Amino acid sequence: MKTLMKGNEAICAAAIQAGCRAFFGYPITPQNEIPEYMSYHMERAGGTFIQAESEVSAINMVFGAAATGVRAMTSSSSPGMALKQEGISYMVGADLPGLIVNISRSGPGLGGILPSQSDYFQATRGGGNGDYFTPVYAPSGVQEATDLTQIAFNTAEKYRTPVILLADGILGQMMEPVEIKEHPRIEADKSWVVDGRADERSRNTISSLDLSGEGLERLNLKRMERYQEIIKNEIMVERQVEEGDEVVIAAYGLAARIAVNAMEELKAEGINVGLIRPITLWPFPELAFQNLPKSVKHILVAELSMGQMIEDVRRSVAGSHPIHFYGRCGGMVFEPSEITEKVRQIVKGEG
Amino acid sequence: MAKNRLTVDTVVCKGCILCVPACPLGILAVDKETVNAKGYNPVKCTDMDACTGCAMCAMICPDSAIRLEREV
Amino acid sequence: MTKVLYEKSRGLTDTPLTYCPGCSHGIIHKLVAESLVELGLLENTITVASVGCSVLAYDFFNCDGIQAAHGRAPAVAVGIKRTNPDKIVFTYQGDGDLASIGTAEIIHAAHRGDNITVIFVNNAIYGMTGGQMAPTTLVGQKTSTSPLGRMENLQGRPLLVSEMLSTIPSATYIERTSVHDVPHIRKAKKAIKKAFQNQAENKGFSLVEVLAACPIGWGQTPVDAAKFVADEMASYYPLGLYKDEGVAK
């Protein structure tokens, strides 16, 4: 059955369905409905809710709860995500699963509360100190946000890694009909957990510290092997590219949603446009940009930033096609007409 | 024969000698003849017969290097 | 037949302690380990180690253990305790970790009245990083970042953590102890044991501050350093019970 839900609240409902039983958060707009929803519903689900003293503490509470094998989660928005990076890096170093939701706003600094995609680099390049990546899911609607929340918990446990759900203020605030589906929980190995049972097994310890170069290199390489598995198994992408398409728009999340409207308008004008919408931003769907139909002459990257995903698109396209960019930033959101105009210019050779 | 037996784990002892002033009888001293793998001179009991087994030396030892037993 | 009068606690692992000669951490470790064994709590305990000299504490206590980011041990402990309320969770933190970078985390764990035990080792210096000034360094005390001695007009007077935390309404038990001699070691153990007993009885936030010596960091012999704790530190940091409102929740 479908219910009309706000993106932020639907993410919570999906998390609880996925077995999340610990939420630690801190107020920041535009994600406040998440801690608010959790403060009511997490207790009723038999879980733990704490409004922490800071984003720093909230992610460290996730670190503690996740270490005991509990499915744990935190959420924030851009400046708060910056504060969480220490904890995320420690979670990676300690191989701890967990979900971190970023309902992003515009920056840098305190910036503004309007939606933006300017945290792409932070999300896909590790974000904290050290050699690491975190899987990043980028929904473009409320239903997809719930589905990806459930998938994210499984990915986190399967590969023992923190996972990021990257959305923005519009996706968090808008209401859409949504169904919280039954999503099977994977059976992950939990022999490593630190839950005070040294009487039943040998004692367990969790640490991101290794003072020997050889030991730390070994750990990092082992993690890199897991990253290769993630790249092999977990990439998600929507690719609507057909023979006859002249331009392919590469966009994710909210930007992709707007691009779809522009595509319909352009089609009516006789300009065929395809879409590549990465759903996982890391790992990035590089292969989706290869073997494009011969009709494709241009790639347009459309982002609500000054151009961040464009670097991954460039890498994936590897010089086979000219790449154009259209972006708005500071919380300004482009209209479909801005994209159609840009495509018209590209086709005319003026882009 | 001494009633109490004091054993110093000479591998673990770091020769900090906190135990020396802690001993009410003053029967602990640095064993200058012995150097352990870490390069420290461990302590030793100089008069086992006098030891009352009060365990104050063991209690203050940061490295739990002192073990005390009593024949009963 | 022989009777053991004193031996290394089984609450400690066989891993040799990495502390410098005469460092008080080893004594405090023993008191924690002995308390957990005597209370029958050891196997169901989780150590939360912090950053500093005691960063490897999770290797020394013979129970489950985890290593937290600098200053964040109380937040990590709260995450563990709230999701596993039947387990015993303690943080082991130095003055740099608890009284400097981790002030928010310790204050708010106390503020929420979280049912955890905190062992706060105050040796008035950053030992691990080479002896820099701590918020608890005494006025006039020389460190590698206060080479002329801590100056009250520039660096203020040392932070009184137990006094400060005892003003927090939901904190249950705060006591300051010392381990510079055997009578004080006995008192410190009693306090540490009580702090764990409180948690087992669901009484809320308990913290034991332990005045400790850092002979190497202070440039003193262990025996002189113990005297410095007794004479200088204990006179600025009065020993004793600051708060005890243990009521089971």
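Helices here are DSSP runs of H or I with at least four residues, strands are runs of E with at least two, and both are numbered from the N terminus. Angles run from 0 to 180 degrees between N-to-C directions, and axes are lines fitted to C-alpha atoms, for helices over the stretch in contact. A word on the source: this is a predicted model, in which local features need pLDDT of at least 70 and side-chain atom pairs count only at pLDDT 80 or more, while totals for chains, interfaces and linings use all residues. Residues are numbered from 1 along each chain as its sequence is written, and chains are lettered from A and ligands numbered from 1 in the order in which they are written.

**The sheet of chain A and its helices**

Contact between two residues asks for C-beta atoms, placed from the backbone, that lie within 7 Å. Strand β14 (residues 298-303) of chain A pairs with β15(A) in the parallel sense over 5 bridges, and Ile299(A) stands opposite Ile323(A) in β15(A).

How do the two helices meet? The axes of α9(A) and α11(A) come within 8 Å and cross at roughly 55°. That angle makes α9(A) oblique to α11(A), given that angles under 35 degrees count as roughly parallel, over 145 as roughly antiparallel, 65 to 115 as roughly perpendicular and the rest as oblique. α9(A) passes α11(A) in a right-handed crossing; a crossing is right-handed if the near helix is turned clockwise from the far one by less than a right angle, and left-handed if anticlockwise. Nonpolar covers Ala, Val, Leu, Ile, Met, Phe, Trp, Tyr, Cys and Pro, charged covers Asp, Glu, Lys and Arg, and the others, Gly among them, count as polar.

**How the chains meet**

Of the 2 pairs of chains in contact, chains A and C share the most contacts. No contact joins chain A and chain B, whose closest C-alpha atoms lie 20 Å apart.

| Side of chain C | Residues by class |
|---|---|
| Touching chain A | 14 nonpolar, 9 polar, 7 charged |
| Touching chain B | 16 nonpolar, 6 polar, 5 charged |

The contact of chains A and C takes 30 residues from chain C and 33 residues from chain A. Elements of chain C that give two or more residues to it are β2 (45-49), α2 (57-60), β3 (64-67), α3 (73-83) and α5 (103-112), and the largest share, 8 residues, comes from α3(C). Helix α3 (residues 55-67) of chain A packs with α3(C) at an angle of about 45°, their axes 7 Å apart, which makes α3(A) oblique to α3(C). This crossing of α3(A) and α3(C) is right-handed. Among the residues that make the contact are Met61(A), Phe63(A), Val76(C) and Ile80(C), and its classes are 10 nonpolar, 5 polar and no charged. Strands take part too: 2 bridges join β9 (residues 205-206) of chain A to β3(C), running parallel, and Thr205(A) has Gly65(C) as its bridge partner.

Turning to chain B, 27 residues of chain C are in contact with 25 residues of chain B. Here the elements of chain C giving two or more residues are β1 (2-6), α1 (24-38), α8 (182-200) and α10 (222-236). Strand β4 (residues 66-71) of chain B is joined to β1(C) by 4 bridges, and the two run antiparallel. Arg70(B) has Lys3(C) as its bridge partner in β1(C).

Technical notes
Pairing = 2+ DSSP bridges.
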